[in-house]
Amino acid sequence: MTELLHQLASGLALGGVYAITALALVMIFQATQLVNFAQGEMAMFSTYLAWAMLQNGWSYWTAFATAVVLSFVGGVAVERLVVRPFAHAPILASVIVFIGLSFIFNALAGFFFGYSVQSFDTPFDGRPWFGNKFMSAHESGSVLVSLIVLALVYLFFRFTPLGLAMRAAAQNPTSARLVGVRVGWMLALGWGLAAAIGAVAGMMAAPIVYLDPNMMGGILLYAFAGAVLGGIDNPWGAVVGGFTVGVAENLLGAYVVGEEVKLSVALVIIIGVLVAKPSGLFGRRIVARV
Amino acid sequence: MAARLLWSLAFVFAAVAPLFMSGYHLYQFAQVLIYAIALLGLNLLTGFNGQLSLGHGAFFALGGYGAAILIVKLGLPYWAAIPIAGAACFVAGFLFGFPALHFGGLYLALATFALAVATPQMLAYKRLDFLTGGSQGVQVPKPGPLFGLPMTVDQSVFWLCLAVAVVLFVIAGNLIRGRVGRAIVAIRDHPIAAESMGVDAALYKTVCFGISALYAGIAGGLDAVAVGFVSPESFGLALSLAFLVGIVIGGLASIPGVLFGAVFIEFVPNWADQLTVYFGENAKALPGAVYGLMMIAMMAVAPMGIAGLLRSLARARVFRKLERWSGARLLAAPPRLNED
């Protein structure tokens, strides 16, 4: 029983990371109907930036905040410089550009920071919280940070004029433009936000999976599975899906399929959901007019 | 006419090359041919039929492991093992094509991405250790001389790959030029119009997936024989994405283009290795950087790859003059990429 609760708890910790990564994917999907295949590598690169600052003796939260801000700026820049020119290209071309981007971020990290695996600090070290037996301090802290990110994103989109403008730009670009929303910049801001959220996800995941240029491969896959499970056009669905996938992956890995083929769980979830219910648990069914 | 002449010349050149080349270079060019076959398979699916696959490394792996197991465990000769492994890949691709019918562009990319990431773990699955050798992989004996003629191992591997590649290229060329080719291109460009013209889109798409996997599987089988072993790490996401890079660089929806793509993905990592002298160990990053930059640059300036560039060259005035003067069409008319 203790073992089961322990597995459940570490599933929740990584589930939080999957949930916010999935949320970042959904934000970009809602605005552009595209999935950013470079999301994982961008997050990995942000994490390396934080790592470099920590190596230079910065305090954790300074490095954390700086990495998030830099990632935001980087995300905006990527949208303006690389993604924008392909706004009207076919899906195939966009996916190829995203894959190209992920190659570039992977190469940059490898070139500047090397390919050896690094450990990454956590601000939540020390004894488990509230004297519980199931969750390490970092796991609890990671869940907390994920929840804070979710709350902030919710408050931002629900209660600020900028958030409202961004939702309008995503849902109906033409009308939004008519009432004076600068749709292009809203998209760029969306990319910035997604990159910033990715940075948080990377920094929460790195103490668990360790830091190396390929660390986000598995995480991105689980985030895809979470987003597909919850419905790729629904932010809340993505969050629920992300947590579910985290727990499912851990429990199935520990008790059913074995640790060493855990990634297949994501494959099965993705294909299963797409076959049985393509809109996911909470997504809107898309009806195409012929 | 001229195109056929060029092809024949290239073939003769390739056929006699093993007599003059060193063993290592031959091995590299055998790899180019193997990649070209796999890229041709991927291009039939992605370039011509418009189904985006980020996971063709999985079918390559299935072909490689299938051939290796048939050769080592069942003692089959490689000329029997590789086609059987290819047939298994056809079935696997055909079956994967069924759920793929419902996916639509982006979702298919997601599903195949998942397939690519999960492949190495599935290959190392413990319960299949007795077949796959777990994370150690399987050693495959190198083929002996073809037809008992005196030749080195590298020569026989190269000629084997060349023979298979020629056959598969001719088949693909005929397929694309004929009724089937028109149907799969029509499905890519306008699925609804194609169906209302009586094209059975579901059938063509699944069969196309199967044929594409067959090509990848045969390439994988040849690769197992050429390299001499298969192991899970060689079939990861990197391989699948390298295939995508190959068809993008060579030219989407182009058959000769895959040769350029294959040369690119075989030699760029090699050249980067030589730069280790200047950049140290981190030079490992260079192929990735080149891949990424080239992919984005290609999409921006030459969405039809090197083959497309050559075709636009063909439309240049000099070339037309040359054509008029020689009275022959040097290059085929350009196909179109789906623009919606």
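Predicted model: local features only at pLDDT ≥ 70, side-chain atom pairs only at ≥ 80, totals over all residues.

## Salt bridges

E79(A) meets R80(A) side chain to side chain in a salt bridge, at 4.0 Å from N to O. E79(A) also forms a salt bridge with R84(A), here with an N to O distance of 2.9 Å. E79(A) counts as buried, because its relative accessibility is 2%, under the 20% cut-off.

Over all chains, the search of the whole structure gives four salt bridges. One of them is in chain B, where the side chains of D189(B) and R188(B) meet at 3.0 Å, N to O. In this pair the acidic residue D189(B) is partly exposed, with a relative accessible area of 26%, while R188(B) is buried at 6% relative accessibility.

## Where the two chains meet

How many residues does each chain bring to the contact? Chain A gives 41 residues and chain B gives 43 residues. Between them, chain A and chain B bury an area of about 3900 Å², and carbon and sulfur atoms account for 83% of it. On the side of chain A, the residues that lose the most area to chain B are I96(A), F103(A) and F111(A), which together make up 16% of what that side buries.

What kinds of interactions cross this interface? The rule finds zero salt bridges between chain A and chain B, but three residue pairs are in polar contact there, with both residues at pLDDT 80 or more. Several helices of chain A take part: α4 (91-113), α9 (216-230) and α11 (263-276) each supply at least two residues to the side that touches chain B. The largest share comes from α4(A), with 14 residues. By residue type, the side of chain A that touches chain B divides into 34 nonpolar, five polar and two charged residues.

## Aromatic pairs

Rings are worth a look too, as the count of aromatic pairs over all chains comes to 33. In one of these pairs, the ring centres of Y48(A) and F113(A) are 4.9 Å apart and the planes lie at 5°, so the pair is stacked. Y48(A) sits in helix α2 (residues 39-55) of chain A and F113(A) in helix α4 of chain A, so this pair ties together parts 65 residues apart in sequence. Y48(A) and F113(A) are both buried. They also belong to a cluster linked by ring pairs, together with F45(A), W51(A) and F105(A).

Is the ring pair of W7(B) and F169(B) stacked or tilted? Its planes are at 50° and its ring centres 6.4 Å apart, so the pair is tilted. This pair links distant parts of chain B, since W7(B) is in helix α1 (residues 2-16) and F169(B) is in helix α7 (residues 153-177), 162 residues apart. W7(B) is partly exposed, with a relative accessible area of 40%, whereas F169(B) is buried at 12% relative accessibility.

Terms used: Residues numbered from 1 in each chain as written. Chains lettered and ligands numbered in written order. Heavy atoms only, no water. Contact = heavy atoms within 4.5 Å. Buried area = accessible area lost by both parts, 1.4 Å probe. Polar contact = N/O pair within 3.5 Å; in protein donor to acceptor, adjacent residues only side chain to side chain. Helix = DSSP H or I, 4+ residues; strand = E, 2+ residues; numbered from the N terminus. Nonpolar A, V, L, I, M, F, W, Y, C, P; charged D, E, K, R; others polar. Phe/Tyr/Trp six-rings, centres within 6.5 Å; stacked < 30°, edge-to-face > 60°. Buried < 20%, exposed > 50% of the residue type's maximum accessible area, 1.4 Å probe, protein only.
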